[in-house]
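Please read the numbered points alongside the sequence and the model.

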Amino acid sequence: MAVCGLVGNYVLYLVGLKMLSPGTAQLVVQMGPIFLMVTSVFVFKERFSLGQGLGLVVLIVGFGLFFNQRLAELLTSMGAYTAGVLTVLLATTIWVFYAVGQKQLLTVWNSLQVMMVIYLFLRGVIDAVGAAAGGVGVESVAGVVIAGVLHEYVGGVWGVCGGAGALGGFAGECDAGVDAVGDFCGGGAGGVVVAWVCAG
C-alpha cells in the first residue's frame with residue numbers, strides 16, 4: 001500500500017503539473033496533510049482537536065479566496081485547469097495511502113528500514129520491467145527517482161548517502177552485457193550497502 005501510494009502520488013503529480021502552474025499545484029497538494037489528519041481520526045482513532053478544526057476552516061477559506069476567480073470554471077466545466085486540479089487532488093489522496101501505510105509500519109520499523117523495504121520492492125519491479133524490455137533505460141531513470149525519494153523522505157545525511165548509493169549503483173548498470181541478476185547486485189545491493197553504511 002505504501003509503495004503504490006508513493007508511486008501513484010509521484011506519477012499523478014507530474015501529470016497534473018503539466019496542466020497547472022507550479023504554484024497552483026503546490027497549493028492543491030497541501031490538502032494531503034488534511035486528508036491524512038481526517039483519515040487518522042477514523043483509522044487510528046486519533047483525536048480531532050479544536051485547533052485542528054480551526055486550521056481546517058482557515059484552509060478551506062483560503063482555498064476559496066485563491067480559486068474565487070476560477071471557481072465557476074472548476075465547478076461547471078472540465079477544461080485543462082479543472083482536470084489538472086482534480087489530478088493533483090487525486091495524487092494527494094493517493095499519497096494518504098502511503099502516509100497511512102508508513103505510519104503503521106513505523107510502529108515496528110524505523111524510517112530508514114521502511115524506505116529501504118520500499119526501495120528494494122521498487123528495485124525488484126524495475127529489474128523485472130527492465131529485463132522484459134531488454135534495456136536499462138527504465139532502470140536508469142528509476143535510479144534517479146528512487147535516489148530523490150530516499151533523499152526527500154529519509155532526509156539528512158542518511159537520505160543523501162542512500163541517494164548517492166542508489167545513483168552509484170545504477171550508474172554501474174550502464175555497462176553492456178550485464179544481466180538482470182547482475183543489475184540487481186550492482187545497483188540495488190550497492191545502493192542498500194552504501195545507505196546502511198552511512199546510517200551506521
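1. The secondary structure of this predicted model consists of 10 helices and zero strands. Followed along the sequence, the pattern is accordingly written α-α-α-α-α-α-α-α-α-α.

2. The protein has 200 residues, of which 36% count as buried. Its accessible surface amounts to about 10,800 Å², and carbon and sulfur atoms account for 73% of that surface.

3. As to contacts across the sequence, those between residues at least 6 apart were considered, and 73% of them join residues at least 24 apart.

4. Which residues form a nonpolar patch on the surface? The members are Val-7, Tyr-10, Val-11, Leu-14, Val-15 and Met-19, and together they have about 460 Å² of accessible area.

5. Leu-14, one of the residues of that patch, belongs to helix α1, which covers residues 2-17. Its relative accessible area is 39%, so Leu-14 is classed as partly exposed. A residue must have over 30% relative accessible area to be part of a patch, and the 39% of Leu-14 is in keeping with that cut-off.

6. Is Thr-92 buried or exposed? Thr-92 lies in helix α6, which comprises residues 80-105. Because its relative accessibility is 1%, Thr-92 counts as buried, the cut-off for that class being under 20%.

7. The surroundings of Thr-92 may also be described. When neighbours within four places in sequence are set aside, Thr-92 is in contact with Asn-9, Val-28, Val-29, Met-31, Gly-32 and Phe-35.

Terms used:
Residues numbered from 1 in each chain as written. Predicted model: local features only at pLDDT ≥ 70, side-chain atom pairs only at ≥ 80, totals over all residues. Heavy atoms only, no water. Patch = residues over 30% accessible without salt bridge, like charges linked within 9 Å, V, L, I, M, F, W, Y side chains within 5 Å. Areas by Shrake-Rupley, 256 points an atom, 1.4 Å probe, with all protein chains shown as cover. Salt bridge = Lys/Arg side-chain N within 4 Å of Asp/Glu carboxyl O. Helix = DSSP H or I, 4+ residues; strand = E, 2+ residues; numbered from the N terminus. Buried < 20%, exposed > 50% of the residue type's maximum accessible area, 1.4 Å probe, protein only. Contact = heavy atoms within 4.5 Å.
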